[in-house]
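Please look over the sequence and the structure before reading on.

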Amino acid sequence: MHVLEIFQRDNTIFSFEFFPPKSENGWEILLERMHSFEILEPSFVSVTYGAGGSTREKTHALVQHLASKTKLDPIPHLTCVGHNKKEINNILRGYAEAGVDNILAIRGDSPSDGDVTSDFAFAADLVAHIKAFGEKKFGICVAGFPEGHPETPNRLVQLDHLKAKVDSGADWICSQLFFDNSAFLDWCDRCELYNIHVPIIAGIMPITSISSMKRMADLAGGTNFPAKLLKRLYKFQDDPESVRQIGVQWATEQCSDLLDHSVRGIHFYTMNQSAATEEIFRSLGAHTGARLRTST
Ligand SMILES: Cc1cc2nc3c(=O)[nH]c(=O)nc-3n(C[C@H](O)[C@H](O)[C@H](O)COP(=O)(O)OP(=O)(O)OC[C@H]3O[C@@H](n4cnc5c(N)ncnc54)[C@H](O)[C@@H]3O)c2cc1C
């Protein structure tokens, strides 16, 4: 379903992000888990795209599996890095044939090895290209960074760049993960001031271990980990189950507060794990995404 119709259907958007597993075993585990995600009835799910070459085919395979074998509505991520216009058109054609209606368009980060040349310098160029694609009108999402993007320290200039993506044709914005709601809400206010009026979905990642938190800090450069959260986590760092509970509780409190602030939706960076997301849904007082969607 085109994302604009989804936004009309659902008062509050709930979505899940997956990455394509590299190993056969990881693939089997994810597919077995898919039912746990399905019963939460998210508005849609998204599938990441490797900036290097190796996992790209796996993104297509996972998206096609979700579209044809599950009730989930998949949105593939698509990066500029390493692609020319012809390749992007072929990918879009393949997704159109698979019944995919939306694309999450990002620039991607250059891999240390591999092909980085591209016909698209920035995500805004890819958005404009997808918008002009004649064979299907895809819904388009772009990335937003509430706590800044490392390459653009000037936050005002960064808002100009976000506005350029929206002006190029983006229908909605999905935010980078964050742990401090006040930073996200303040950024939403600044987007309004910059005449960015498309829906903004909040990116939430439940911390399930200290090591995964450190990996995420690497990937999501610039994200602030509040001292209050770190104090709680490090106090129990030798007790993995307590760390997990603290992470899930923090994410639950974040979601609850965001819903109180009437955010348009929440995107869960699931890391392909269903348990934490299920727990958060339960704690929010609903058994299914559908009930959550209609209860606001
Ligand atoms: C929701 C979400 C999903 C993601 N999914 C993936 C994924 O699947 N695969 C992956 O590899 N990465 C993914 N990323 C990471 C993303 O690719 C990187 O963070 C990347 O560095 C920025 O992508 P962008 O689309 O925001 O790029 P852009 O919007 O192109 O911005 C990149 C940088 O360039 C600056 N900039 C933009 N336009 C201009 C201009 N005209 N002149 C000068 N500077 C400019 C911006 O301010 C920013 O600092 C994701 C990030 C998010 C938040």
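Two residues are in contact if their C-beta atoms, placed from the backbone, lie within 7 Å. By that rule, residues 24 or more positions apart account for 81% of the contacts in the protein with a separation of 6 or more. The model is predicted, so local features need pLDDT of at least 70 and side-chain atom pairs count only at pLDDT 80 or more, while totals for chains, interfaces and linings use all residues. Numbering starts from 1 along each chain as its sequence is written.

**Overall fold**

- The protein has 12 helices and 8 strands; these are DSSP runs numbered from the N terminus, with helices (H or I) of at least four residues and strands (E) of at least two.
- Along the principal axes, the C-alpha atoms fill a box of roughly 50 × 45 × 40 Å.
- Of the 296 residues, 39% count as buried. A residue is buried if 20 or more other C-beta atoms, placed from the backbone, lie within 10 Å of its own, exposed if 12 or fewer do, and partly exposed in between.

**Helices H10 and H11**

- The axes of helix H10 (residues 240-260) and helix H11 (residues 275-283) come within 10 Å and cross at roughly 45°, which makes H10 oblique to H11.
- Axes are lines fitted to C-alpha atoms, for helices over the stretch in contact, and angles run from 0 to 180 degrees between N-to-C directions. Angles under 35 degrees count as roughly parallel, over 145 as roughly antiparallel, 65 to 115 as roughly perpendicular and the rest as oblique.
- H10 contributes Val 248, Ala 251, Thr 252 and Cys 255 to the contact, and H11 contributes Ala 276, Glu 279, Ile 280 and Ser 283.
- By class, this contact has 5 nonpolar, 2 polar and 1 charged residues. Ala, Val, Leu, Ile, Met, Phe, Trp, Tyr, Cys and Pro count as nonpolar, Asp, Glu, Lys and Arg as charged, and the others, Gly among them, as polar.

**Loop residues with positive phi**

- Asn 195, in the loop between helix H7 (181-193) and strand S7 (200-204), has phi near 60°, a positive value in a residue other than glycine.
- Asn 195 counts as exposed because it has 10 C-beta neighbours inside 10 Å.
- Asn 272 lies in the loop between strand S8 (265-269) and H11, and its phi, near 65°, is positive in a residue other than glycine.
- Asn 272 has 17 C-beta neighbours inside 10 Å and therefore counts as partly exposed.
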